[in-house]
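Student: Please walk me through a single part of this model at close range. I would like the predictor's confidence to come first, and then the details of the packing.

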Amino acid sequence: MSEETKKQVIALGQLGWSQRQIQKATGVRRETAGAYLRAAGVSIRPPGSWGEKPPAKPANGVTTDSVAEVVAETPTSSTPAVAQPPIAASVSEPYSELILNGLARGRNAMSIFQEMVDQHAFPGAYESVKRFVQNYAAPLLPTLAP
């Protein structure tokens, strides 16, 4: 094979052409083209990887229903104070007594939410109850002990 063809194969590989495209354009078998590209330090795609997607990003956060974990996530006094935007009224606010009683009985936010939906026609979502527990009830937990 001529040195000119070899240079052409390497140049096309550097442009990102697949080995099949290089084979069609130059007449050099793709296996041979791959050997030239590897020798020249040009990265080549493994067979069948043309449509692969990068791995998915990890989740931003995990929803838990444990009050102990909610308390652990609550900022402590050693955490620097950050200006908080005004908090809008929570859908869970009218059910605050029910939520606090459930926490005092040792129930987690998920079981409290399920009871609220089943027995009290709660219109909100679990995330609303979870936020209420994190923002309002968690600071009161030490005083809720029976």
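Tutor: pLDDT is the predictor's confidence in each residue, on a scale from 0 to 100. For this chain the mean pLDDT is 77, with 66% of the residues at 70 or more. Residues 67-73 have a pLDDT below 50, and in the model this stretch makes 12 contacts beyond near neighbours in sequence; a contact here means heavy atoms within 4.5 Å. This is a predicted model, in which local features need pLDDT of at least 70 and side-chain atom pairs count only at pLDDT 80 or more, while totals for chains, interfaces and linings use all residues. Residues are numbered from 1 along each chain as its sequence is written, and side-chain values use heavy atoms, leaving out hydrogens and water.

With that in hand, here is the setting. The chain has seven helices and zero strands (DSSP runs numbered from the N terminus: helices are H or I with at least four residues, strands E with at least two). Of its 146 residues, 28% are buried (buried is under 20% relative accessible area, exposed over 50%, partly exposed in between, using a 1.4 Å probe and protein chains only).

Now for our close look: the packing of H2 on H3. Helix H2 (residues 19-26) and helix H3 (residues 30-39) pack at about 110 degrees, their axes 9 Å apart; axes are lines fitted to C-alpha atoms, for helices over the stretch in contact, and angles between N-to-C directions run from 0 to 180 degrees. H2 is therefore roughly perpendicular to H3, a label for 65 to 115 degrees (under 35 is roughly parallel, over 145 roughly antiparallel, and the rest oblique). The crossing of H2 and H3 is right-handed, the near helix being turned clockwise from the far one by less than a right angle.

Which residues do the touching? From H2 come Gln-19, Arg-20, Ile-22 and Gln-23, and they meet Arg-30, Ala-33, Gly-34 and Leu-37 in H3. By class, the H2 contact with H3 holds three nonpolar, three polar and two charged residues (Ala, Val, Leu, Ile, Met, Phe, Trp, Tyr, Cys and Pro are nonpolar; Asp, Glu, Lys and Arg charged; the others, Gly among them, polar).

Ala-11 sits in helix H1 (residues 3-14), and its 35% relative accessibility is why Ala-11 counts as partly exposed.
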